[in-house]
Amino acid sequence: MNENIQRFLEGIKVGAKQSHKNMTLYCLLAAMETNVDFMTLDEAFDSGALAITELDESGSVPELKVTNKSDRKVLMLDGEELVGAKQNRLLNVTVLISAQSETIIPVSCVEQGRWSYRSREFGSARRAMSPDLKKKKARSVRDSLRTVGSFASAQGMVWDEIDAKFERMAAASSPTMAMSDLYEAHQETSGDYLKAFHPVDNQIGLVVFIDGEVAGVELLDKFRTFRKNHEKLVQSYVMDALETSGNVAKARSKASKAKATKLLESAAKATVEKRKSVALGQDLRLDSNEVVGAGLEFETQILQLTLVQRDDEDISGGRRTSMSRASRRRDSIVR
C-alpha cells in the first residue's frame, strides 16, 4: 500500500453518469488538486517549447529524444501518440520532463510499414491509444521492468494488436498499418459518441464502462489538466466501444456507481512497485486482487493514474509473458 496513492484516491468522489449507446462513464471529482506546475504535451507543442526527434539520424524504434526549451515542466501521458519523423510512436509510460532539458523516452511504434522521414520533428496527434491496447502494452512494460529493468514494450505484440483491431473494426487496409489511419477512418462515428460526454466542475478523472464492463479508470492531478485531455482520453475509449454494438439497455444497467467506487477502494489498498522514472518523479505499478495500474508520482503527489480490472493475464508465476508471446518475425524488424 502506498500512502500517497491511498490519500489521493480517498479524496475522490464518484459523480455524475454520462452514457451513449454501449459506453457509460462516471465523472471522478476531487476537492483538491496538486500544486505542481507543468504544461501538457499539446500546450508545449503549441507554444513551440518542445521538440521531439529521432534519437539520431539512423533512428531507434523504441526511443526518442525530447528537448524542452521552456522554463516549465512538461507532462506527457502514457499512450499519447506522436506523429512524423521516421514512423509514428506512442509513449510507453507517463513522464514529467524537466525544464530546459534533453530526455530520452521509451516509446512503441504504431506504424509498422514505414521507416523513412516525413518530417525532422514529431508533432502531437492529439489522441491516445485505445485502452485495450494500452492495457496490453502496460503489461509488457511491467514484465520488462521486472525482468530487465527496462521501460520497453513488446513491439511485436503492439503491431499484432493493431492488426487485430483493423480486422475487428473492418477497416480498410492502411499502406503502413498506422494506428492513426484507424482513428481517422472512424472519425465521424466516434464524433457521435464524443458529443455525449463532457467534463464537469472539479473533475479530475473518469471510470469507463463498455458493454456494461469496466474498461478502465483515468485520473489526473488537476482540473485544468483533465479538461485539456478530456476529449483525448474519452476518444481512446470510444475506439474500443465502436467494436461492439452491445445490448445498450443491459450495458447501461450493469454500469454502476457502486462498481466504480469498489474499483477505487481496491486500488487504494493495492501493492505498489515504485521505481525511478525516466525523467522526474517515480513510476508506479499497482497490483491488487481486483485492479492493476500504472502512474506517476512527483514529490509525494500523484500526477497520473490508469487503472484496469485484473484478469488472468495479470497473474504472475510460471506463465509466458507478453514479451515472449510477441511475434518473433516482427520483433526482428525493430531497428
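Predicted model: local features only at pLDDT ≥ 70, side-chain atom pairs only at ≥ 80, totals over all residues.
Let me begin with strand β17, residues 301-309, where eight of the nine residues are buried, so that this strand is largely enclosed by the rest of the structure. By buried I mean under 20% relative accessible area, with exposed being over 50% and partly exposed in between, using a 1.4 Å probe and protein chains only. Helices (H or I, at least four residues) and strands (E, at least two) are DSSP runs, numbered from the N terminus.

Residues are numbered from 1 along each chain as its sequence is written, and side-chain values use heavy atoms, with hydrogens and water left out.

Which strands pair with β17? Strand β16, residues 291-298, pairs with β17 in the antiparallel sense over eight bridges, and four bridges join strand β13, residues 213-220, to β17, again antiparallel; two strands pair if DSSP finds at least two bridges between them.

Turning to another sheet, six strands form an open, antiparallel arrangement in the order β4-β5-β10-β8-β7-β11. Strands β4 (50-54) and β11 (122-128) stand at the edges, each with a single partner strand, so one side of each is left without a neighbour in the sheet. Within this sheet, β8 (residues 89-91) and β10 (residues 101-109) pair over three bridges, and Leu91 stands opposite Val107 in β10.

Now to the helices. Helix α7, residues 223-241, bends by about 55° at Asn229, the bend being the angle between axes fitted to the seven residues ending there and the seven starting there. Of its 19 residues, 15 are buried, so α7 is largely enclosed by the rest of the structure. Helix α3, residues 131-148, has 13 of its 18 residues buried, and so is likewise largely enclosed by the rest of the structure. Just after α3, Gly149 takes a positive phi of about 70°.

Finally, how many disulfides does the structure hold? It holds zero disulfides, a disulfide being a pair of cysteine sulfur atoms within 2.5 Å. Cys27 counts as buried at 0% relative accessibility, and Cys109 counts as buried at 0% as well.
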